[in-house]
Amino acid sequence: AILVAAVGNFAATLPAGVDGQSFRLINCGTNDLTIAPNGAELIDGVNASKVLGAGDVLDLIYETTEGWR
């Protein structure tokens with residue numbers, strides 16, 4: 001699990017995915033937390049960042065054929 005407390009806007013890049021690897025990302029701050037995929041990997045089927053607002057939680061698990069879900 002990863003806990004990120006964003007004081008200002010904050011960005012983080014996921015590591016290269018390994019099948020079955022999982023993360024829980026929590027924005028404990030008051031600003032946006034931007035999560036970017038590693039290279040060409042996907043988050044929810046697209047190669048684009050996800051933005052977590054204050055208090056948002058994102059649970060991710062990596063699947064070799066699908067990317068981060």
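**A nonpolar core and its surroundings in an all-strand model**

The largest nonpolar core of the protein brings together 11 residues, namely Leu14, Phe23, Leu25, Leu33, Ile35, Ile43, Leu52, Leu58, Leu60, Tyr62 and Trp68. A nonpolar core is here a set of buried Ala, Val, Leu, Ile, Met, Phe, Trp, Tyr and Cys residues joined through side-chain atoms within 4.5 Å; buried means under 20% relative accessible area, exposed over 50%, and partly exposed in between (1.4 Å probe, protein chains only). At least two residues of this core come from each of strand 3, strand 4 (33-36) and strand 6 (57-63). As a general background, nonpolar side chains in soluble globular proteins tend to be buried together.

The model is predicted: local features need pLDDT of at least 70 and side-chain atom pairs count only at pLDDT 80 or more, whereas totals for chains, interfaces and linings use all residues. Residues are numbered from 1 along each chain as its sequence is written, and side-chain values use heavy atoms, with hydrogens and water left out.

Seven strands may be followed along the chain, in the pattern β-β-β-β-β-β-β; the protein has 7 strands and 0 helices. Both kinds of element are DSSP runs numbered from the N terminus (helices, H or I, at least four residues; strands, E, at least two). Of the 69 residues in the protein, 29% are buried. Among contacts (heavy atoms within 4.5 Å) with a separation of 6 or more, 48% are between residues 24 or more positions apart.

An open sheet is formed by 3 strands in the order 2-4-5, with mixed pairing. Its edges are strand 2 (10-13) and strand 5, each of which pairs on one side only. From one strand to the next, the twist averages 20 degrees, where axes are lines fitted to C-alpha atoms, for helices over the stretch in contact, and angles run from 0 to 180 degrees between N-to-C directions. Strand 2 pairs with strand 4 in the parallel sense over 4 bridges; two strands pair if DSSP finds at least two bridges between them. Within this pairing, Phe10 has Leu33 of strand 4 as its bridge partner, and Leu33 is also one of the core residues.

Turning to the aromatic rings, rings of Phe, Tyr and Trp (its six-membered ring) pair if their centres lie within 6.5 Å, with planes under 30 degrees apart counted as stacked, over 60 as edge-to-face and the rest as tilted. By this rule there are 2 aromatic pairs. One of them joins Phe23 and Trp68 in a tilted arrangement, 5.7 Å centre to centre with 45 degrees between the planes. Because Phe23 lies in strand 3 (residues 22-27) and Trp68 in strand 7 (residues 67-68), this pair ties together parts that are 45 residues apart in sequence. Both Phe23 and Trp68 are buried. Tyr62 and Trp68 have ring centres 5.1 Å apart and planes at 65 degrees, so their pair is edge-to-face. The relative accessible area is 10% for Tyr62, which is buried, and Trp68 is likewise buried at 0%.

Leu52, when neighbours within four places in sequence are left aside, is in contact with Leu25, Asn27, Asn31, Asp32, Leu33, Ile35 and Leu58. Asn27 belongs to strand 3 and is buried, at 1% relative accessibility. A polar atom of the Asn27 side chain lies 2.7 Å from the backbone oxygen of Asn31, and one lies 3.0 Å from the backbone oxygen of Leu52.

Asp59, in strand 6, is partly exposed at 43% relative accessibility. Leaving aside neighbours within four places in sequence, its contacts are Phe23, Arg24 and Arg69. The side chains of Asp59 and Arg24 are joined by a polar contact of 2.6 Å; such a contact is a pair of N or O atoms within 3.5 Å, and within protein one must be able to donate a hydrogen and the other to accept it, while residues adjacent in sequence count only if both atoms are side-chain atoms. Asp59 and Arg69 are 10 residues apart along the chain, and their C-alpha atoms are separated by 7.9 Å.

Finally, Asp44 sits in the loop between strand 4 and strand 5 (50-52) and is partly exposed, at 36% relative accessibility. Its phi is near 55 degrees, a positive value in a residue other than glycine. In general, most residues other than glycine have a negative phi.
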